[in-house]
Every structure is written in structure tokens, then in C-alpha cells.
Amino acid sequence: MENLRIVLQENLNINFISAVLSGPREKDGIMKVKVRPLLKKDTLFFQLEIFRGNQAFHKNLEADAAAEELLKLMGGMKQLQMETKQYTYTALASRKGKITIKKKQRKTPVKMVNLQHNRKKKYILEEGRPAPFLVDLGVMTENGKVVSQRFDKFRQINRFLEFVEDVLPELPRDRELTIIDFGCGKSYLTFAMYYYLHELKRYDIRMIGLDLKTEVIRNCNKLCERYGYEKLKFMEGNIAEYTGVDAVDMVVTLHACDTATDYALAKAAGWNAKVILSVPCCQHEVNGQITSDVLAPVLEYGLIKERMAALITDAMRAQYLEGAGYRTQILEFIDMEHTPKNILIRAVKTGKRKKNKKAVCECEEALHISPLLGRLLNGGNGQDYAEDEG
């Protein structure tokens, strides 16, 4: 990593703007690191914001210490993106630890960097830069100002795009990507993804939104024509029966009701989709199945039973995906307007199947449950979710 050490030592100075370490190699460790400069009592520090699970930790280090800490953290990451006033850098790490660095000069150098300790949060979709779908949603004015009454929606959209940003190192850039949004509804997050990936990040993508509501699909396609989003299409159809593509790189399912989420996850696993992002909605299947002599006093209360069943459903979904060769996380999302649930399931295909079949089956038997996703991946529309152990 000596080449990266030299780059960091040369650039952790007053010309530094930001850096992001992403693409974790371990599922339970540090997921992302953001770096920014700050000035405290006339001394230049570099603040490392380290994301682990649902928490963020901060370290304020001077240049030399920050460089060494970033080198250490890079050992568990695949990618580092760094910006300075004059250059942008991309550092890619191989499995053996070899670092490849690409340097690109900015066409227009940045003149000022905000060094305040408590500065305003920077969002992926920046205020002052109008996006057509946000204007139509009433989230932004035509000059890009965020409408105060709609700021929660603006924050929610940006939070979702942060989850997308985290998985970009997993997606290839040398070909067209196919992305499907199952149960897209009014599609503000679908439009946000297309705008972010195609317009801002310049990925070659084809996106398909699928929903059962005829009028919603018609309106979404009209908006695509108005915005000039030629490779974003919306279709009317049922998730369980959809066969419109042979291969998919990324599957998104946001507030798909009850077992519609299971069908979407099974489709994704069957396609060997590289990335899955799922925000489940209402869940009734396990709630109608779960029984336990040990938990009977707890399950006697309907509201508690409902919430426990929903949490168990999502945990089991994560385990099934682990068995199908995915690195899976359950993360906290911002409440959706359709549901009080705030869980996001993020899965990245690794090909390494977790040998969890025995433990999963014992859990199913103990709670007397048989979740649909497990059945689908164990001989239904998906692939076998776990190889036999032994």
C-alpha cells in the first residue's frame, strides 16, 4: 500500500476536499468511512466518520495520523474515492492487497472548502440543483430550493440513495446494467435512482418499474417521456408472474405488501442479482402461523405478536438469502409514509453460501412457521437456498 500512503501524505492538506472508503470485505465490520477536513483552533484536522452497523463513530486526526488510520481501514475495503481542489483519485484494492490508483485532473479547480466543525449535512441530491422529479413532487421549487414542508421526503430520498451509493463498487461499469423495481408505486424513489445513477454517476442502466396499478404506470411513463429518461420504463404486472428479463443486476422492492416481498426476493435470487435492496411492508403470513409454548405468554398480546412476527419474517428472509450466497444486512431506514416499518434488507451476491440450513430449520420448527421465501428458494421459483451441510 506504499503508493496509497504517498498519495494520502501528499493530499491530506488544505487542498483536500473529501474521501469515501466503501465496498467492505466483511459483512459485520466497518461498512463505510467518510473523510472531511475541519479547522479547530487554527489546526487542520481530518474527521473520519466510520459507519458500523447502524452507528457512526467520529475521529478527528491530524494529517499523518489520518493517513495511517486510512491505510489501516483500507485493508478491509475495496475502494477509496478522494477529491482535492485540483484532482480526483480512485484507489481500488485487490483481494491480495494490491492498490491500483487512478488520478484525474479537475476541469475546473474548486476554490473553497468548508472547514467548519458543525457544518450543514451534504446530501447526494443537493439543494440548489433542481431535479425534475423533485419539482413535480413538490419537494423542490423550480430553482432547486427544498420546500420546508417536504424536507422529510427530501431527506428520505437522499437516505435511500446513500444505500445505493454504498453498493456501487459491486456493480460493473463496463456494460449496461439492468435494474428492476418491484412494486414501484408512485415511483419517486425509482426516479431518484435513475437520476442519480444515469444523470449524476453516468452509469449505463436500463430500469424497469413494475406495479399493478394501471393509472400509476401510465402516469409514470408520461413523466419518463417528459424528462427524456429513455431507458426507464414502467410496466403493469404481478411480481410473482414477471418473466420479462433473463438477467438482472439489481432488484429493488420498496413497501411491496406481505408476501409480494418474498416473490421479489426469490426472483432476485433466481436471477443471481448482484444487489438486492428491500424495504418490506405489511406482513401477515408468519403472524398467522407462529405458535410457541415458551412464548405463549408474550404472543397473547396481538400487537406484540404482530411486531415479533414482522421482525422474525425479515430475519428469516436475511438467513434464506445468506444461504443462497448473499452477504446480507438488516439496516435502519427512514419511516415510509405507507408503513411505520423502517427496516431495509440489503444483500450483495458473493457466491459463498452460508451453511445455515440446519439452524434455520430448527428455528422454523420451534416457532411452527414456514415462510414463503424459504419454500420458494427450496425448490420453488428461486434456487435452493442452502446446500446440505456435512
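Which residues does serine 22 touch, not counting residues up to four places away in sequence?

Modeller: The model is a predicted one. Leaving aside residues up to four places away in sequence, serine 22 touches Met31, Met77, Lys78, Gln79 and Pro169. Serine 22 itself belongs to strand S1. Its relative accessible area is 6%, and because buried means under 20%, serine 22 counts as buried.

Seven strands make up an open sheet in the order S4-S3-S2-S1-S5-S6-S7, and the pairing is antiparallel. At the edges stand strand S4 (55-61) and strand S7 (99-105); each has a single partner strand, so one side of each is left without a neighbour in the sheet. On average, and with direction ignored, neighbouring strands of this sheet are turned by 15° against each other.

Strand S6 (residues 87-93) and S7 run antiparallel and are joined by seven bridges. Within this pairing, tyrosine 89 has lysine 103 in S7 as its bridge partner.

Two helices contact the strands. Helix H1 (residues 2-11) packs on the sheet, where it touches strand S1 (16-24), strand S5 (77-84), S6 and S7. The direction of H1 makes about 35° with that of S7. Helix H2 (residues 63-74) lies across S1, strand S2 (30-40), strand S3 (43-52), S4, S5, S6 and S7, and runs at about 20° to S3.

Arginine 202 is located in the loop between helix H5 (188-200) and strand S9 (205-211). Its phi is near 65°, a positive value in a residue other than glycine. The relative accessibility of arginine 202 is 60%, so this residue counts as exposed. Asparagine 272, in the loop between helix H7 (260-270) and strand S12 (275-279), also has a positive phi, of about 55°, although it is not a glycine. With 41% relative accessibility, asparagine 272 counts as partly exposed.

Valine 298 is partly exposed, its relative accessible area being 35%. Together with Tyr301 and Ile304, Val298 forms a nonpolar patch on the surface, and the three have about 270 Å² of accessible area together.

Terms used:
Residues are numbered from 1 along each chain as its sequence is written. This is a predicted model: local features need pLDDT of at least 70, side-chain atom pairs count only at pLDDT 80 or more; totals for chains, interfaces and linings use all residues. Side-chain values use heavy atoms; hydrogens and water are left out. Patches are made of residues with over 30% relative accessible area and no salt bridge: like charges are joined within 9 Å, nonpolar side chains (Val, Leu, Ile, Met, Phe, Trp, Tyr) within 5 Å. Accessible areas come from the Shrake-Rupley method with a 1.4 Å probe; for residues, only the protein chains shown count as cover. A salt bridge is a side-chain nitrogen of Lys or Arg within 4 Å of a carboxyl oxygen of Asp or Glu. Buried means under 20% relative accessible area, exposed over 50%, partly exposed in between (1.4 Å probe, protein chains only). Two strands pair if DSSP finds at least two bridges between them. Helices (H or I, at least four residues) and strands (E, at least two) are DSSP runs, numbered from the N terminus. Axes are lines fitted to C-alpha atoms, for helices over the stretch in contact, and angles run from 0 to 180 degrees between N-to-C directions. Contact means heavy atoms within 4.5 Å.
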